[in-house]
Amino acid sequence: ITAAGVTQVTGGFEAAQPGAGSRALALGYAAGITSQSDSAVAVGNSAGNNTQGTSAVAVGKASGETSQGANATAVGREAGKTSQGDNAVAVGYIAGQTNQGDYGVAVGRAAGLDNQGDNSVAIGRSAAQITQGAASTAVGYAAGQTSQGASAVAVGSSAGQTNQGNASVSMGWNAGSDNQQGYSVAIGVESGLTTQGTQSVAMGYQAGKTTQGVNAVGVGTLA
């Protein structure tokens, strides 16, 4: 505690070297070791290791390890590990691990793992795992897993799993699972399952299941 009342708490080999921010906390081997900002918290080996932002929190081995943004939160091993954006939240093993956007939320193992867009949400194991567009939502196991477009919504296990287009909606198990085109809607188990056309609508069990055309509408079981 300095004469000015500034407090720094460190514990662990090479934790938070001199020059760390005021009111910062670093506990664990190499935690908060380089450029830890004011009011930041790093707990765990290599947590917040290099350039942890103001009021950021990193709890878990290698969480928020490099370039964690201001007010960001990373909880879990390697959560928010590299380039976590400002005000982002990553909870779970390797959640939001690389390039999580500002205000992004990733909860669950490998949720929002790589390149989660700004203002996006991924909840569930492997939800929006690789490249989630800005302002998108993926909820459920493997929902929006790979290349989810901007402003898209995928809710349900494997909904919008691969290449979901911009502003598309898929709700239900395997709904819009593969190559759902932009501005389409698939609601129901396996609705719009494969290659649903642009601006199409499929509602009901297996409605528009395979290669539904552009601007098409299918409502009802097997429609």
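Serine 191 is buried, at 0% relative accessible area, where buried means under 20%, exposed means over 50% and partly exposed is in between, judged with a 1.4 Å probe and protein chains only. This is a predicted model, in which local features need pLDDT of at least 70 and side-chain atom pairs count only at pLDDT 80 or more, while totals for chains, interfaces and linings use all residues. Residues are numbered from 1 along each chain as its sequence is written, and side-chain values use heavy atoms, with hydrogens and water left out.

Serine 191 sits in the loop that runs between β21 (185-187) and β22 (201-203). Strands here are DSSP runs of E with at least two residues, and helices are runs of H or I with at least four, both numbered from the N terminus. Leaving out residues up to four places away in sequence, serine 191 touches Asn174, Ala175, Gly176, Ala186, Ala202, Gly204, Gln206 and Ala207; contact means heavy atoms within 4.5 Å. The side chain of serine 191 also reaches the backbone nitrogen of isoleucine 187, at 3.1 Å. A polar contact is a pair of N or O atoms within 3.5 Å; within protein, one must be able to donate a hydrogen and the other to accept it, and residues adjacent in sequence count only if both atoms are side-chain atoms.

The protein as a whole has 23 strands and zero helices. Its C-alpha atoms fill a box of roughly 75 × 20 × 20 Å along the principal axes. Of the contacts with a separation of 6 or more, 0% are between residues 24 or more positions apart. Among the 223 residues, 48% are buried.

In soluble globular proteins, nonpolar side chains tend to be buried together. In this model, the largest nonpolar core has 13 residues, and Ala122 and Ala138 have the most contacts inside it. Such a core is a set of buried Ala, Val, Leu, Ile, Met, Phe, Trp, Tyr and Cys residues joined through side-chain atoms within 4.5 Å. Not counting residues up to four places away in sequence, alanine 138 touches Val121, Ala122, Ile123, Ala127, Ala128, Gln132, Ala143, Gly144, Gln148 and Ala154. A second, separate core of five residues includes Ala26, Ala31, Ala47 and Ala58.

Aspartate 38 lies in another loop, between β3 (34-36) and β4 (41-43). Aspartate 38 counts as partly exposed because its relative accessibility is 34%. A polar atom of its side chain lies 2.9 Å from the backbone nitrogen of serine 22. Apart from neighbours within four places in sequence, aspartate 38 is in contact with Gly21, Ser22, Arg23, Thr54 and Ser55. Between aspartate 38 and glutamate 78 there are 40 residues of sequence separation and 22 Å of space, C-alpha to C-alpha.

Two further loop residues have a positive phi without being glycine. Isoleucine 94, with phi near 50°, is found between β10 (89-91) and β11 (98-100). Serine 151, with phi near 60°, is found between β17 (146-148) and β18 (153-155). Isoleucine 94 is buried, with a relative accessible area of 14%, whereas serine 151 is partly exposed, at 41%.
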